[in-house]
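Reader: I am new to reading protein models. Could you walk me through one, feature by feature?

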Amino acid sequence: MKFSAKIERCSLSPIRKFNPLALEAERAGKTIYHLNIGQPDVPTPKEYFDAIKNFSQEVLAYAPSPGISELLEAIKLYYEKINAPISISDILISNGGSEALMMVMSCILDDNDEILVPEPYYPNYSTFVNLTGGMIHPITTTPEEGYKYAIKERIESQINSHTRAILFTNPGNPTGTVLTKDELIMLADIAKEHNLFLIGDEVYREFVYNDEPLASLLQLKGYDENIVVIDSVSKRFSACGARIGCVISRNEELMNNIMKWCQARLCVPTLDQIGATALYNVGPDYFDSVRKEYRNRKDALIEELKKIPGVVYSNPVGAFYVMAALPVDDTDKFQYWLLQEWDDHGDTVMYSPAESFYSTAGLGKNEIRMAYVIEVEKIRRSIEILGNAIAAYNSK
C-alpha cells in the first residue's frame, strides 16, 4: 500500500517512544522519576468539574463551529484583563493548542514554503508543518548562549523567498526562554516589513518567574494582519485532557479561512468547552500559588544541576522546562541504559532526549529536556539519580 509522502516525513513522538521500556522497568520493580513529559501534577481547579456536573441539557447537541458563546466571552474577558483587547470574531476554539497550530499551518503553507522556528523547539511543530508540505527553517540557538534567538540580524539573515511565517513559543518549550516586550516588537516589525505571519504559541504565558507583567503579542498595536496567537487551557489550568485551545488573530481573511477547517471538523466537544469556560473565571490567587510552586521546583532543579560536573544549562525564566547538555555521548542511548541496565537502589529517571527538538542534523545529541512538573523532593532525588548515573555511565 502507498502512503502519503507528507505523512512519511513525520515521525512518531520522540517524547513517548520510551514508554514501553518504562512499563517493563516498572514491572521489574524499578521506581521511575518522570521528568520526560509536560504533564503537570497540579490539581485541575474544581470549577471545571463542577461546571460539567451542573450541565443539564437533555440533548448533547453539536456546539457552534467557532465555539460556544460563553467560552468565547470568557476568553475575550481574560485578554481584556491583560491589556490585549480582542473581539469575539478574533477567536476560534480548537481541540487543544495542537489543532490550533495545524489549522494555522494548513492555511498559510504550501509545498516547499518555509517557516522560521528557533531551535530547539517542540517536536510536534515538525509534524504540523510536514503535513502541509512546508518545511521548518531553523534558527539555531545553543545552551552556552542561553538559547537566545531574538536578534534582528540573525532572524533577517534567514528570510528568503519561501519564508511565510515566524513561529515561536513564549515562554519557551523546551528552553524556558521569555521574550521582552521590546523583543516582541522587534519580531513584529520584521514580520510586517517582510509580509510574514508572526505566530506566538503562548500556552505557558502564566508561568513567568521574573515578576515581569504578562506579555502577549496581542498587546502590540499596528500588526493586526501579521499576528497570530495560539492558546490553550492545558498548561495554564493543568487541564491537558480537556483539549481546549484557540486561535486568536485580528486578520479577518486568515480567520475566515480557518473557519473552513472548524466547520469541516464540525465542533469541539461541548462539555469540555463548558468546563473550560469555568476555568477562565478562576481568580488570580490560583495563578499566584501555581507560579510559586513551579518557581520552587525550578530553583530546586537548578540547585541540584549545579552539583553535577560538566552539565551546561540555562536558568529558565518561564514555562516549566530546563534544557541541559550532559557530559555523555548520546542522551538517547543513555536513556535506554537508564531504563534497561542501571538503577540507583531501585530508582531511575526519565527525561526527553533533545535531538528531536532540532531540525539541524547532529544537534541536540548530548542534550535533554526536563519538565519540573513533580514535587520538589522528587525533583531533588531525580537529579541526584541523574548525577550518579552520568558518573556510572562514563566510567563503564
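Author: We go through the sheet, the cores, the aromatic rings and the backbone in turn. This is a predicted model: local features need pLDDT of at least 70, side-chain atom pairs count only at pLDDT 80 or more, and totals for chains, interfaces and linings use all residues. Residues are numbered from 1 along each chain as its sequence is written, and side-chain values use heavy atoms, with hydrogens and water left out.

Reader: How are strands and helices picked out, and what makes two strands pair?

Author: Both are DSSP runs numbered from the N terminus: helices are H or I with at least four residues, strands are E with at least two. Two strands pair if DSSP finds at least two bridges between them.

Reader: In which order do the seven strands of the open sheet come?

Author: The order is 2-8-7-6-5-3-4, with mixed pairing. Strand 2 (91-94) and strand 4 (135-140) are the edge strands, and each pairs on one side only. From one strand to the next, the twist averages 25°. Angles run from 0 to 180 degrees between N-to-C directions, and axes are lines fitted to C-alpha atoms, for helices over the stretch in contact.

Reader: Which strands does helix 9 lie across?

Author: Helix 9 (residues 252-264) lies across strand 2, strand 6 (197-201), strand 7 (227-232) and strand 8 (245-248). Its angle to strand 2 is about 25°.

Reader: Where do side chains point in a strand?

Author: In a regular strand the side chains alternate between the two faces of the sheet. Take strand 3. Glu114, Leu116 and Pro118 point one way, Ile115, Val117 and Glu119 the other way, and all are buried. Buried means under 20% relative accessible area, exposed over 50%, and partly exposed in between (1.4 Å probe, protein chains only).

Reader: How many bridges join strand 3 to strand 4, and how many join strand 3 to strand 5?

Author: Six bridges join strand 3 to strand 4, and the two run parallel. Leu116 has His137 as its bridge partner in strand 4. Three bridges join strand 3 (residues 114-119) to strand 5 (residues 163-169), also parallel. Here Ile115 stands opposite Ala165.

Reader: Is Leu196 buried or exposed?

Author: Leu196 counts as buried because its relative accessibility is 3%. Leu196 lies in the loop between helix 8 (181-193) and strand 6. Contact means heavy atoms within 4.5 Å. Not counting residues up to four places away in sequence, Leu196 touches Ile159, Thr163, Arg164, Ala165, Ile166, Ala191 and Asn226.

Reader: What is a nonpolar core?

Author: A set of buried Ala, Val, Leu, Ile, Met, Phe, Trp, Tyr and Cys residues joined through side-chain atoms within 4.5 Å. The largest one here has 92 residues, and Tyr79, Phe334, Met370 and Leu386 have the most contacts inside it. A second, separate core of 26 residues includes Leu92, Leu101, Val117 and Ile199.

Reader: How do I describe two aromatic rings?

Author: A pair of aromatic rings is described by the distance of the centres and the angle of the planes. Rings of Phe, Tyr and Trp (its six-membered ring) pair if their centres lie within 6.5 Å; planes under 30 degrees apart count as stacked, over 60 as edge-to-face and the rest as tilted. The count comes to 21 aromatic pairs. Phe237 and Tyr286 are stacked, at 6.3 Å centre to centre and 20° between the planes. Phe237 is in the loop between strand 7 and strand 8, and Tyr286 is in helix 11 (residues 284-305), 49 residues apart. Both Phe237 and Tyr286 are buried. Trp337 and Tyr393 are edge-to-face, because their centres are 5.2 Å apart and their planes are at 65°.

Reader: What should I look for in the backbone?

Author: Most residues other than glycine have a negative phi, and most peptide bonds are trans. Now some exceptions. A cis peptide bond joins Glu119 and Pro120, with omega about 10°. The bond from Asn170 to Pro171 is also cis, with omega near -5°. Leu266 is not a glycine, yet its phi is positive, about 75°. Ala319 has a positive phi of about 60° and is not a glycine either.
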